[in-house]
Amino acid sequence: EGNGEIYKALAPNFRADPCKSEYLSPIVGSLDKVSCSSAIGWAGNTATPNTTLNVHIYADGVGLSHFLGVASANQPREQLVCDEIGSSEASCPHGFTYPIPELLKDGKPHVIDSYVIDNTQNPKLPNSTRTITCLPDVITGDYTEDGKVDIVDFNKVTQFFGNPYAISD
C-alpha cells in the first residue's frame, strides 16, 4: 500500500487532468500547403479570436540558423477558419502566406516547419513538417557552383529538364 503514496500519485485529485479544457492550447491553425513558391496556412487563438498572430517559418531544423522569417496571419480566409477560431471578423483575417526564398531553390530537399508565436507556448502548427525540393528559378549552367560549366553540370540540368540540345548541336 505504501502508506497511500501510490494512491496519491495516481488519484485525479492530486494531479492535473489532461482532458480538462483549461490545459488544452487555445492556439489553432494549419500549414495547408507548401510549394516552391510559398507556404500557406492560417492561425488563431480561440481565447482571443480577433487577435492577429505571427508564424515563424524554419527550414531544415529549428533555431536561429534555420529561421527563414515571420508571416503575419492577417490575410482573408474562408468562414470555416473563423468558425473554428471563434472570430467574428467579417473578412476572417487569419491566413498567412510566406514566400519560399531563393536559397532553398537548389535542387535539394528541405524540411519546412512553422510555429505560432503567442509568447507562451509557441506551438508547432498541425501539418507543419513538409519537405520540398525546388530548382532555381534561373539555371545558370553551373549547377555544382564550381566556377565552370562541365559534363557534371550538364547531367544535373538534364536530370531535371531533359536534354535541351538536339543531336546536331
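A residue is called buried when its relative accessible area is under 20%, exposed when that area is over 50%, and partly exposed in between. The close-up views below are taken from a predicted model.

**View 1. The salt bridge between Lys-124 and Asp-113.** Lys-124 and Asp-113 form a salt bridge in which the closest N and O atoms are 3.3 Å apart. Lys-124 belongs to the loop between β7 (109–117) and β8 (130–133), whereas Asp-113 is part of strand β7, so this pair ties together parts that are eleven residues apart in sequence. With a relative accessibility of 39%, Lys-124 is partly exposed, because this value falls between the limits of 20% and 50%. Asp-113, at 7%, counts as buried.

**View 2. The salt bridge between Arg-77 and Asp-32.** A salt bridge joins the side chains of Arg-77 and Asp-32, with an N to O distance of 2.8 Å. Arg-77 is placed in the loop between β5 (75–76) and α2 (79–85), and Asp-32 in strand β1 (residues 27–34), so the contact ties together parts that are 45 residues apart in sequence. Arg-77 is buried, with a relative accessible area of 18%, while Asp-32 is partly exposed, with 32%. Glu-78 joins these two residues in a network of salt bridges.

View 3. Strand β1 contains Asp-32. When neighbours within four places in sequence are left aside, the residues in contact with Asp-32 are Ile-40, Gly-41, Trp-42, Arg-77 and Arg-130. The side chains of Asp-32 and Arg-77 also make a polar contact at 2.8 Å. Asn-127 is 95 residues from Asp-32 in sequence, yet the C-alpha atoms of the two residues are 7.0 Å apart in space.

**View 4. The salt bridge between Lys-105 and Glu-102.** The side chains of Lys-105 and Glu-102 meet at an N to O distance of 3.3 Å in a salt bridge. Lys-105 is buried at 10% relative accessibility, whereas Glu-102 is partly exposed, with a relative accessible area of 46%. Across the whole structure, a search finds four salt bridges.

**View 5. The open sheet of four strands.** The strands follow the order β4-β3-β7-β8, with antiparallel pairing. β4 (67–73) and β8 stand at the edges and have a single partner strand each, so one side of each is left without a neighbour in the sheet. On average, neighbouring strands of this sheet are turned by 30° against each other, direction ignored. Six bridges connect β3 (residues 53–59) with β4 in the antiparallel sense. Ile-57 has Gly-69 in β4 as its bridge partner.

**View 6. The nonpolar cores.** The largest nonpolar core comprises 21 residues, and those with the most contacts inside it are Val-34, Val-55, Ile-57, Leu-68, Phe-96, Ile-112 and Val-116. At least two residues of this core come from each of β1, β2 (38–45), β3, β4, β6 (93–99) and β7. Strand β3 supplies the largest share, four residues. Beyond its neighbours within four places in sequence, Val-55 is in contact with Ala-43, Gly-69, Val-70, Ala-71, Phe-96, Ser-114, Tyr-115, Val-116 and Leu-125. A second, separate core has six residues, among them Trp-42, Cys-82, Ile-85 and Cys-92.

How values were computed. Residues are numbered from 1 along each chain as its sequence is written. This is a predicted model: local features need pLDDT of at least 70, side-chain atom pairs count only at pLDDT 80 or more; totals for chains, interfaces and linings use all residues. Side-chain values use heavy atoms; hydrogens and water are left out. Buried means under 20% relative accessible area, exposed over 50%, partly exposed in between (1.4 Å probe, protein chains only). Two strands pair if DSSP finds at least two bridges between them. Axes are lines fitted to C-alpha atoms, for helices over the stretch in contact, and angles run from 0 to 180 degrees between N-to-C directions. A nonpolar core is a set of buried Ala, Val, Leu, Ile, Met, Phe, Trp, Tyr and Cys residues joined through side-chain atoms within 4.5 Å. Contact means heavy atoms within 4.5 Å. A polar contact is a pair of N or O atoms within 3.5 Å; within protein, one must be able to donate a hydrogen and the other to accept it, and residues adjacent in sequence count only if both atoms are side-chain atoms.
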